[in-house]
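This briefing covers one protein chain, grouped by topic. The sequence and model come first, and the notes follow.

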Amino acid sequence: MPVNNDLVGREFPPTAPYLVGREKVREFARAVFADAPLHTDVEAARALGYADVVAPPTFAMVVQDHTLQQLLAEPDSGIVLSRTIHAEQRFTYTRPIVAGDELTGRLRVTGIRALGGNSMITSEAEITDAAGEHVVTATSVLLVGEAEGE
């Protein structure tokens, strides 16, 4: 089954709130070699005006993953995970993610285009805080390969 072009414009329900933990931020920072003190040291972050440690910019992917799981679970999507790679990622921030934030993501498929026998699916996850204020928009492009014989 090819990727369903009717996915364009489809919006998914908000994800369950994700509470950003201090240790998760520290673990993520270590994993991506983000060694600036504001990512691991509360006092360093507070000295810069933040309430707690600040997540590296790519941390938004943790929340966005919950939204992408909704897309991958769509029975009519035509997306086969074993033929899918994450081709591109962008983040547009209103403010940094800080430990203690409670974040919710809402995914919308914004485009599908053919590339050879493959499909490129672009989606945007709007990530908001507990007050409903925008924190970051995470844009992903998934490249889905065509199955043999399609």
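A contact here means heavy atoms within 4.5 Å. On that basis, among contacts between residues at least 6 apart in sequence, 69% join residues at least 24 apart. The model is predicted. The chain has three helices and five strands, which run β-α-α-α-β-β-β-β from the N terminus on.

**Overall dimensions and surface**

- Taken along the principal axes, the C-alpha atoms fill a box of roughly 60 × 30 × 20 Å.
- Of the 150 residues in the chain, 41% are buried.
- The chain exposes about 7900 Å², and carbon and sulfur atoms supply 54% of that area.

**Sheet**

- The five strands form an open sheet in the order S1-S3-S4-S5-S2, with antiparallel pairing.
- Strand S1 (18–19) and strand S2 (84–93) stand at the edges; each has a single partner strand, so one side of each is left without a neighbour in the sheet.
- S1 pairs with S3 in the antiparallel sense over two bridges.
- Tyrosine 18 has leucine 103, in S3, as its bridge partner.

**Nonpolar core**

- The largest nonpolar core comprises 30 residues, and Phe59, Leu71, Ile97 and Ile121 are those with the most contacts inside it.
- At least two residues of this core come from each of helix H1 (22–31), helix H3 (60–72), strand S3 (102–115), strand S4 (118–128) and strand S5 (134–144).
- S5 supplies the largest share of this core, five residues.
- Not counting residues up to four places away in sequence, isoleucine 97 touches Val20, Val53, Val54, Ala55, Phe59, Ala60, Leu103, Val135 and Val136.

**Isoleucine 127**

- Isoleucine 127 lies in strand S4.
- Its relative accessibility is 0%, under the 20% limit, so isoleucine 127 counts as buried.
- With neighbours within four places in sequence left aside, isoleucine 127 is in contact with Ala60, Val63, Gln64, Leu103, Thr104, Gly105, Glu133, His134, Val135, Val136 and Ala138.
- Alanine 138 is 11 residues from isoleucine 127 in sequence, and their C-alpha atoms are 7.6 Å apart in space.

Methods
Residues numbered from 1 in each chain as written. Predicted model: local features only at pLDDT ≥ 70, side-chain atom pairs only at ≥ 80, totals over all residues. Heavy atoms only, no water. Core = buried A, V, L, I, M, F, W, Y, C linked by side-chain atoms within 4.5 Å. Buried < 20%, exposed > 50% of the residue type's maximum accessible area, 1.4 Å probe, protein only. Helix = DSSP H or I, 4+ residues; strand = E, 2+ residues; numbered from the N terminus. Areas by Shrake-Rupley, 256 points an atom, 1.4 Å probe, with all protein chains shown as cover. Pairing = 2+ DSSP bridges.
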